[in-house]
Amino acid sequence: MVEKLWGGRFEQGLDQQTEEYGASIKFEQRLAPFDLQGSLAHVKMLGETGIISQDEAKQIAQGLELVEQKLIAGEIEFKIENEDIHMNMESYLTQAIGPVAGKLHTARSRNDQVATDMHLYLKAVLNQMLSALTKLRETIVNLAVNQVDTVMPGYTHLQHAQPISFGQHLMAYYQMFTRDFERFEFNIKHTNMNPLGAAALAGTTFPIDRKLTTRLLDFEKPYANSMDAVSDRDFILEFLSNASVLMMHLSRLCEEILLWCSHEFQFVTLSDAYSTGSSIMPQKKNPDLAELIRGKTGRVYGNLVGLLTVMKGLPLAYNKDLQEDKEGMFDSADTILTAVEIMSGMLSTMTVNKSVMETSTQKDFSNATELADYLAKKGLPFRQAHEIVGKLVLDCTKKGIYLQDVSLEDYQKLSVLIEKDIYTVLQSEVAVARRTSLGGTSFDSVLAQIAAAKDELKKH
Ligand code: ARG
């Protein structure tokens, strides 16, 4: 039986099922480098403040470096008996340097230690997220550059509404992912705080220097209150919430890609690299990855609701329930990072079937607003114009023709305000080009959005 680091008060060993149930080492091994980083800063501070001798601090620091080398070389065997990452690391330190290792835990508790590990880990993830999202945003802008003049149906209620530029559609997602980027960026602010030195909950009687560990760990500031530092996980909840909003955006885009790939739409074709086949139907080319990202949105939402529920009834300060903060966070981090990378790849290799998109705006009534606006601009009250055009659309559907097929004679019977130029106004390209209001779909407006996005991306 491994002697527990907290074993002094106990007369009996731990029940084996209890030991396995309570051990977090099974799922937190990825915290190892951050745990060592935190310990190194702590021991340097213990030496600097004279809480332990400089010589002892040096021995421990060297020992930690040895453990780190073993970790990199894959020579660390994590043991359930050592319960968690902190005690696993400490047992290797003891093996390396002997009893002086026991001085490392002076003025520290696993409560501030684990919180420190989580902050360091999440900060690294957030920086990875920012890079991945920048790449996705660049991919979207590069795609949009080539799609400014691609006219497609814009939808409301999944019915053809008004023609738009595909560039406008893409740039809408650029804006959403930019806000996701900003949310993760803000998340860094609340993750960039140092809990180390809070000890178990109340601080410590040792003359520690929290500002020094804050500097050494590259945190922005120490937590101002020791109980807050060890007992809250709102920085993780912010992350899980931001991850959920991001997945919602990705999932909507996936849903659109799925529609666009269908036989009914045929707006885009995915690269083989992002499609899979069927074991029974030889003709199938399935957009599996888009479905999978849409599906994985469920677990990311679940991780948020899971941790919110864990936290809601916890009295201050540390409670073992908090150990449940890890798996969901790790899972969401892995899931969103991969999803964003795959989405970048899927979009950058996708073929856009421009002519199919354009044709689909010619066999529909998405130009009905143009006719109503035309009449309104000539002085007819818009409500009246709407009524006239509505009746005309009904008549056309009965005859199986479109607004551009109605003769000038029939138009003039409808209203003397209608002249020959109506046929130009009814063209989908013209409808797009004329929507010049700020943020509208005109080609110029999309170009302006792209230029602004490029400027924004240059700043990162
Ligand atoms: N494995 C624990 C966690 O993740 C580490 C902190 C343990 N502290 C304690 N007092 N049992 O929360």
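In which loop is A317 found? A317 is in the loop between α10 (288-311) and α11 (326-348). The model shown in these views is predicted: local features need pLDDT of at least 70, side-chain atom pairs count only at pLDDT 80 or more, and totals for chains, interfaces and linings use all residues. Residues are numbered from 1 along each chain as its sequence is written.

**View 1. The peptide bond between L316 and A317 is cis.** Omega of this bond is about 5°. Most peptide bonds are trans. Helices here are DSSP runs of H or I with at least four residues, strands are runs of E with at least two, and both are numbered from the N terminus.

**View 2. E83 has a positive phi.** The value is near 65°, in a residue other than glycine. E83 sits in the loop between α3 (54-72) and α4 (85-97). Most residues other than glycine have a negative phi.

**View 3. Helices α6 (residues 166-191) and α9 (residues 234-261) pack with their axes 9 Å apart.** The angle between α6 and α9 is about 170°, and the two helices are therefore roughly antiparallel. Axes are lines fitted to C-alpha atoms, for helices over the stretch in contact, and angles run from 0 to 180 degrees between N-to-C directions; those under 35 degrees count as roughly parallel, over 145 as roughly antiparallel, 65 to 115 as roughly perpendicular and the rest as oblique. Contact residues (C-beta atoms, placed from the backbone, within 7 Å) include Y173, F177 and R183 of α6 and F235, E238 and H249 of α9. By class, this contact has nine nonpolar, five polar and four charged residues. Ala, Val, Leu, Ile, Met, Phe, Trp, Tyr, Cys and Pro count as nonpolar, Asp, Glu, Lys and Arg as charged, and the others, Gly among them, as polar.

**View 4. The chain is assigned domain 1 (15-106), domain 2 (111-359) and domain 3 (368-458).** These bounds come from an automatic or database domain assignment. The C-alpha centres of domain 1 and domain 3 lie 70 Å apart.

**View 5. An unreviewed UniProt entry lists "domain: Argininosuccinate lyase C-terminal" at residues 365-433.** UniProt positions are in the numbering used here, feature names are shortened, and annotations may be inferred rather than shown by experiment. The span is 65% helix and 0% strand, and its end C-alpha atoms lie 17 Å apart.

Key. Two residues are in contact if their C-beta atoms, placed from the backbone, lie within 7 Å.
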